[in-house]
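Subject: Handover of a structure and notes on it

Dear colleague,

Please find below the structure that I am handing over to you, followed by an account of what was found in it.

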Amino acid sequence: MGTTSAIRNSAGTGPGEDRDGGGGRFGRIARSPLGWMLAGMVGVGLVSALTATGPGPVPVLGAVAAVAVYWLVMRRVAQRPTPEIARSGAAREALLGGGIGLGFILVSALLITAFGGYSFSWAGDGFLSVVRTAVVVQIGAAVTEELLFRGLALQALEQLWGSRAAIVITSLFFGVAHLGAPGANAWSGVAIALEAGVLLGAAFLWRRNIWFVVGLHFAWNTTEQLLGIPVSGHAPEGLFTVDVHGSALLTGGSFGLEASIMPVLMGVAIAVSMLVRAHRNGGIKAPRRASR
């Protein structure tokens, strides 16, 4: 980078360029953290809107397109490398995150069942078709949401105000984004912000890898769906049907497991552990001004 800057400075700047790489005021705005965050969100969000509910493999193809859009924005607009979506080690990271997500939901569901909140019965529908549909839909959801909230928003806000502020802001927005779901209320928004926003943000700060967080998010949603538990208020077809008993604070009510106190407590505990590891690894960044 230093060599490139020296060449530009020695050669001078043309009438349409400035010393920070050209493009004038618009270029400077686009290369700012908020600029490339908004550009990426528009691109990835548009891909998600067009493909999330598409038939067959469309959500998976949408996920691939969303990664391509993210790469283009980061490399061409933000002008930064993208180690967080590197293919090397991606499978390992996704499997590690997936294992945590699977365990998180299974233990949460088991605890709620043990306290009398859930009872399960086999739905009797086609096993392969239900699993295939769940996997395809949840791949699209996990990839696009993590690119938006952790890849773009968290990293951009982190550059401006540091890791702590970034995880708080993105967690709050993650909770707010789920308020429009069926059965949502103020508590479900708080629950999503704590158990999902904080946990997924902490997972990214710890591993600095989108595939780890995607694996966690994917296994979380897919396990819920296959168990027949509503996923953020949405009740798609699963392998089981669930009868809900008792307090909504225990069961999550019509919103589903994510509004239960059990995963909130577990999610916060896991997030704290991840944040401690991130701090030890140097993954917690100070605000830009404070770090100079």
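Does Arg208 count as buried, exposed or partly exposed, and at what relative accessibility? Arg208 counts as partly exposed, because its relative accessibility is 22% and partly exposed covers what falls between buried (under 20% relative accessible area) and exposed (over 50%), with a 1.4 Å probe and protein chains only. Arg208 belongs to the loop between α7 and α8. Its phi is positive, about 55°, although Arg208 is not a glycine.

Before the remaining findings, a word on the basis of these notes. The model is predicted, so local features need pLDDT of at least 70 and side-chain atom pairs count only at pLDDT 80 or more, whereas totals for chains, interfaces and linings use all residues. Residues are numbered from 1 along each chain as its sequence is written, and side-chain values use heavy atoms, with hydrogens and water left out.

Overall architecture

The protein contains eleven helices and two strands; these are DSSP runs numbered from the N terminus, with helices being H or I of at least four residues and strands being E of at least two. Along the sequence, their order is α-α-α-α-α-β-α-α-α-β-α-α-α. The radius of gyration is 21 Å, close to the 19 Å that the globule rule gives for 292 residues, so the protein is as compact as a globular protein of that length. That radius is taken over C-alpha atoms, and the globule rule is 2.2 Å times the number of residues to the power 0.38. Taken along the principal axes, the box filled by the C-alpha atoms is roughly 75 × 40 × 35 Å.

Of the 292 residues, 45% count as buried. The protein exposes about 14,200 Å², of which carbon and sulfur atoms supply 67%; accessible areas come from the Shrake-Rupley method with a 1.4 Å probe, and for residues only the protein chains shown count as cover. Among contacts (heavy atoms within 4.5 Å) between residues at least 6 apart in sequence, 74% join residues at least 24 apart.

There are 21 positive and 14 negative side chains, and the centres of the two sets lie 16 Å apart. Lys and Arg count as positive and Asp and Glu as negative, while His and the chain ends are not counted. Each charge is placed at NZ of Lys, CZ of Arg, CG of Asp or CD of Glu.

The nonpolar core

A nonpolar core is a set of buried Ala, Val, Leu, Ile, Met, Phe, Trp, Tyr and Cys residues joined through side-chain atoms within 4.5 Å. The largest one has 58 residues, and Trp36, Leu147, Leu152 and Met274 touch the most other members. At least two residues of this core come from each of α3 (33-51), α4 (58-77), α5 (90-114), α6 (127-177), α7, α8 (210-227) and α10 (261-280). The largest share, 13 residues, is supplied by α6.

Leaving out residues up to four places away in sequence, the partners of Trp36 include Val73, Met74, Val77, Leu152 and Ala156. Met37, in helix α3, is buried with a relative accessible area of 11%. The C-alpha atoms of Met37 and Asp243 are separated by 42 Å, and the two residues are 206 apart along the chain.

Two further buried residues

Glu224 lies in helix α8 and is buried, with a relative accessible area of 0%. Beyond its neighbours within four places in sequence, Glu224 is in contact with Ile105, Ile229, Pro230, Val231, Leu257 and Glu258. Glu224 and Leu257 are 33 residues apart along the chain, and their C-alpha atoms are separated by 8.0 Å.

Ser188 is part of helix α7 (residues 186-207) and counts as buried at 2% relative accessibility. Apart from residues up to four places away in sequence, Ser188 touches Phe255 and Ala259.

Loop residues

Gln79 sits in the loop between α4 and α5 and is partly exposed, with a relative accessible area of 48%. The phi of Gln79 is near 55°, a positive value in a residue other than glycine. Pro57, in the loop between α3 and α4, is exposed at a relative accessible area of 52%. The C-alpha atoms of Pro57 and Val107, 50 residues apart along the chain, are separated by 30 Å.

Yours sincerely
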